[in-house]
Structure formats: C-alpha cells, structure tokens
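Please keep the sequence and the structure at hand while reading.

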Amino acid sequence: MTPRSRFRDELLALPLFDAAHRSLADEADRWATATLVSPPQEGAPEAHEETRAAIDARCRQIHRQLAAAGLTRYCVRREFGGVLEDFDARAICLIRETLAYHDGLADFVFAMQGLGSGAISLAGSADLKARYLPRVARGESIAAFALSEPDAGSDVASLSCRAEARGPEYVLDGTKTWISNGGIADFYSVFARTEKGEVRPDGTTRASGISAFVVEPSDPGFTVARRIDVNAPHPLAELKFERCRIPADRLIGAEGEGFKTAMRTLDVFRSSVAAAATGFARRAFDEAVAHARKRRLFGKTLADFQLTQAALADMATAIDAAALLTYRAAWLRDQGKPVTLAAAMAKMTATESAQTVIDRALQMFGGRGVERGAVVEKLYREIRSLRIYEGATEVQKLIIGREVVQ
C-alpha cells in the first residue's frame with residue numbers, strides 16, 4: 001500500500017463523505033491509473049511534448065477521454081446531462097485530487113469545464129443552459145472563464161471591459177488576459193461592465209454594474225490576441241473584444257449581476273484548487289518515499305537518516321492538514337453553509353503546503369530532481385501557478401483576516 005492509498009482510505013472513511021463519494025473516488029482512481037500516462041521516472045525524457053500545438057492537441061484528447069469516462073458530467077447538473085441533481089463540491093474535489101496526482105493537464109482540463117460553464121449553470125436562462133450545458137456534459141464543447149484583465153486580477157471589481165446594449169445585440173470592447181483554454185475553447189463566459197464603475201472615496205471600485213455573457217470564437221470582433229506560454233504549459237491566451245457583437249440573449253442572468261455570478265461560480269470551485277494542490281503534493285510525497293527507500297549513500301538508504309524521516313514527517317502532516325481543510329470547505333459548501341472563510345483557509349494552506357512538500361521532495365532527488373522530465377521537476381512547475389490563480393495567497397489572507405475580525 002502506497003502512502004497515498006493509506007491516507008486516502010483514512011480520509012474517505014470520515015463522515016464528510018457518503019458511499020457515493022467513496023465509489024466515485026475509487027472509480028476515478030482506477031480510470032486515471034489505466035488511462036493517464038504518468039510522467040517518466042527520474043529524469044527520463046518527457047512522456048509528452050510541451051510545444052503549444054502538442055499541449056492543445058493533448059487537452060482535446062484528454063477532454064474526449066474525460067467525457068467518455070463520464071467525468072465531465074460532474075461539471076453540470078443532471079437536468080442538462082450531469083450525474084447529480086446539483087453541484088457537489090466534494091465530488092469535484094475528489095476528481096481533481098485524483099487527476100492532479102496522475103496528470104496535471106488532466107486536472108486542468110476537467111476543472112475548466114466546470115469553471116467555464118459554471119456561470120451558465122448558476123445564472124443562465126433556460127435557453128442558454130439547454131444550448132451549452134449538454135455539450136459540456138457530453139464533451140462536445142470546451143469551456144472557458146474570462147474574468148481577469150491586465151489591470152484587474154485580484155481586484156476583480158476594477159475590470160474595465162465594457163458591454164453596451166444596442167437593440168438585439170451587445171457590443172463588447174476590452175481585453176481579457178491569462179484566460180485558461182484561450183485559443184481552444186468553443187465558448188467563453190465573459191464578464192464586462194454594463195455600467196461605469198463607481199469609485200469609492202478610498203479609491204476602490206464597487207462591484208456593481210458588471211454583467212456576464214457567452215461569447216463564441218466566431219463572433220465578429222473577437223480575436224485571440226496572443227497565446228501565453230508559462231512554466232507548466234497549459235492553453236492560455238489574451239483575448240481582444242473590438243466592437244464584438246453578440247446576440248442579446250447571450251446575457252447570463254440579469255444585467256449588473258455578473259460579479260455575484262462570478263463569485264458564486266468561484267465558491268463552487270475554489271476548494272477544488274486546494275484539492276488539486278493536495279493531489280500534486282501526494283504524488284511528490286509518494287515519489288520521495290519510494291526514492292528514499294531505495295537510494296543508497298554512506299552505506300544506508302536515504303530513508304534511514306533521521307533528517308529524511310523528519311522531512312517526510314513534516315510533509316505527511318502538511319498534506320493531511322491541507323486535505324482536511326479542503327474537504328471541510330467542500331462539505332460546508334455542499335451543506336449550504338457559509339464557505340468564504342473555510343475555502344480561503346483551504347486554498348491558502350493547500351497551495352502553500354504543496355509548494356513546500358514538492359520542493360522538499362525535489363531536494364531529496366538531488367540533481368535528478370531538477371532534470372527536465374522528472375516527476376518532481378514537472379510537479380515543481382505545475383504547483384507554482386496554483387498559489388496565484390483563483391485568488392492569490394495574499395488575497396486569501398486578506399479574506400481570512402476580514403472574516404475573523406467581523
């Protein structure tokens with residue numbers, strides 16, 4: 001039994017989960033083990049190319065595989081082809097942790113299907129839901145979530161992309177950046193201002209006046225301005241809207257309700273970022289334990305040294321603490337309880353802990369750990385962005401501090 005399987009069995013036995021969750025966890029793990037090609041061991045050549053074209057193609061392949069396995073159906077409600085009556089944050093977290101353990105790109109593809117279509121699920125008209133969500137469930141469409149801008153990342157309320165109603169259309173103008181699935185998505189949930197932002201006396205901008213829309217790549221005035229390459233390759237892009245015209249019926253919810261819709265969407269999926277981080281950390285820990293048991297030096301194995309055992313103790317404890325915070329937040333969300341504080345704690349703790357765990361694992365591998373293509377080297381690149389997206393660590397600290405002093 002690997003360390004991960006032991007910890008996973010103990011976690012799933014907790015009353016935070018029911019029989020359906022345990023069954024899903026087993027099914028997802030069996031599927032991922034059989035389907036996803038693990039990265040090569042100890043510095044061997046990359047299992048997959050990391051060129052932009054290769055990553056795009058592999059995302060599409062994984063998307064089809066996730067759909068064939070029925071996993072994309074957890075991204076939408078049963079009414080539109082999903083498995084469950086409503087979103088289940090614990091199910092989404094279990095899937096993300098499992099996928100991240102095996103393949104970071106698979107986790108990315110799954111997460112973006114839910115995040116990209118979440119606004120439609122939560123606030124879209126019956127027509128929008130019927131038009132887009134079954135395609136997400138069946139794996140026929142790739143979704144994207146377009147919120148961030150060059151000058152509006154952590155401070156979402158300050159976004160400046162505009163949308164103006166003109167008869168049967170809306171006309172969008174502005175820029176979105178760091179958009180996951182940018183360049184390969186079949187539709188984008190885009191957030192733009194339908195009213196000028198009201199600036200408070202302290203210089204901050206009120207979140208009112210933001211609306212949400214569905215934009216398709218073929219809409220006139222929409223362009224992928226540039227593709228963005230990052231340390232752990234994923235499809236990312238900057239989007240331009242230059243008098244981009246879309247039908248008025250692609251408004252998601254009511255005008256001015258876009259910020260609330262975005263936050264509701266993130267409430268569902270923020271704890272799953274922590275779950276993905278936990279999956280990365282568990283993989284690094286298992287790799288470190290296996291390596292420590294067999295690596296010999298000074299007449300002993302690496303695992304025989306107390307320094308190694310102390311490091312592994314810190315790593316194991318950090319992973320379990322992160323997992324408990326993660327699934328507490330997911331359970332609270334599924335019970336309809338306030339989740340802002342718990343999700344912020346989970347996201348901050350899991351991502352920061354995973355960075356530390358992976359760094360320590362890489363250190364145990366020595367030179368092999370930094371060789372391109374090693375498992376821990378790839379994990380080292382994968383984890384870094386999780387401390388930034390869907391609310392950077394610093395933002396989570398602000399949220400936690402605000403919540404505890406209220």
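Val289 has a relative accessible area of 8% and is therefore buried, where buried means under 20% relative accessible area, exposed means over 50%, and partly exposed lies in between, with a 1.4 Å probe and protein chains only. This is a predicted model, in which local features need pLDDT of at least 70 and side-chain atom pairs count only at pLDDT 80 or more, whereas totals for chains, interfaces and linings use all residues. Residues are numbered from 1 along each chain as its sequence is written, and side-chain values use heavy atoms, with hydrogens and water left out.

Helices (H or I, at least four residues) and strands (E, at least two) are DSSP runs, numbered from the N terminus. The C-alpha atoms of Tyr327 and Leu128 are 199 residues apart along the chain and separated by 31 Å.

**Helix packing**

Helix 7 (residues 258-294) packs with helix 4 (residues 89-102) at an angle of about 30 degrees, and their axes are 7 Å apart. Here axes are lines fitted to C-alpha atoms, for helices over the stretch in contact, and angles run from 0 to 180 degrees between N-to-C directions. The contact of helix 4 with helix 7 is made up, by class, of 11 nonpolar, five polar and five charged residues. In this classification Ala, Val, Leu, Ile, Met, Phe, Trp, Tyr, Cys and Pro count as nonpolar, Asp, Glu, Lys and Arg as charged, and the others, Gly among them, as polar.

**Strand pairing**

Two strands are taken to pair if DSSP finds at least two bridges between them.

| Strands | Bridges | A facing pair |
|---|---|---|
| Strand 2 (residues 162-166) and strand 3 | five | Glu164 and Val171 |
| Strand 3 and strand 7 (residues 236-247) | nine | Leu172 and Cys244 |
| Strand 4 (residues 187-193) and strand 5 | six | Tyr188 and Val215 |
| Strand 5 and strand 8 (residues 251-252) | two | Ala212 and Ile252 |

Strand 3 (residues 169-180) has nine of its 12 residues buried, so it is largely enclosed by the rest of the structure. Arg162 stands opposite Asp173 in strand 3. The hairpin of strand 2 and strand 3 has two residues between the strands, and in this hairpin Gly167 takes a positive phi near 60 degrees.

Strand 5 (residues 210-215) is likewise largely enclosed by the rest of the structure, because six of its six residues are buried. Ile210, Ala212 and Val214 point one way from strand 5, while Ser211, Phe213 and Val215 point the other way, and all of these are buried.

**Nonpolar cores**

A nonpolar core is a set of buried Ala, Val, Leu, Ile, Met, Phe, Trp, Tyr and Cys residues joined through side-chain atoms within 4.5 Å. The largest such core has 72 residues, and those with the most contacts inside it are Leu172, Phe191 and Phe241. Helix 5 (residues 104-123) supplies the largest share of this core, with 11 residues. A second, separate core of 39 residues includes Ala100, Ala288, Ala322 and Val357.

**Cysteines**

How many disulfides does the model contain? With a disulfide defined as a pair of cysteine sulfur atoms within 2.5 Å, the count comes to zero. Cys93 is in no disulfide, since the nearest cysteine sulfur, that of Cys75, is 12 Å away, and Cys93 counts as buried at 0% relative accessibility. The sulfur of Cys244 is 8.8 Å from the closest cysteine sulfur, in Cys161, which is too far for a bond. Cys244 is also buried, with a relative accessible area of 0%.
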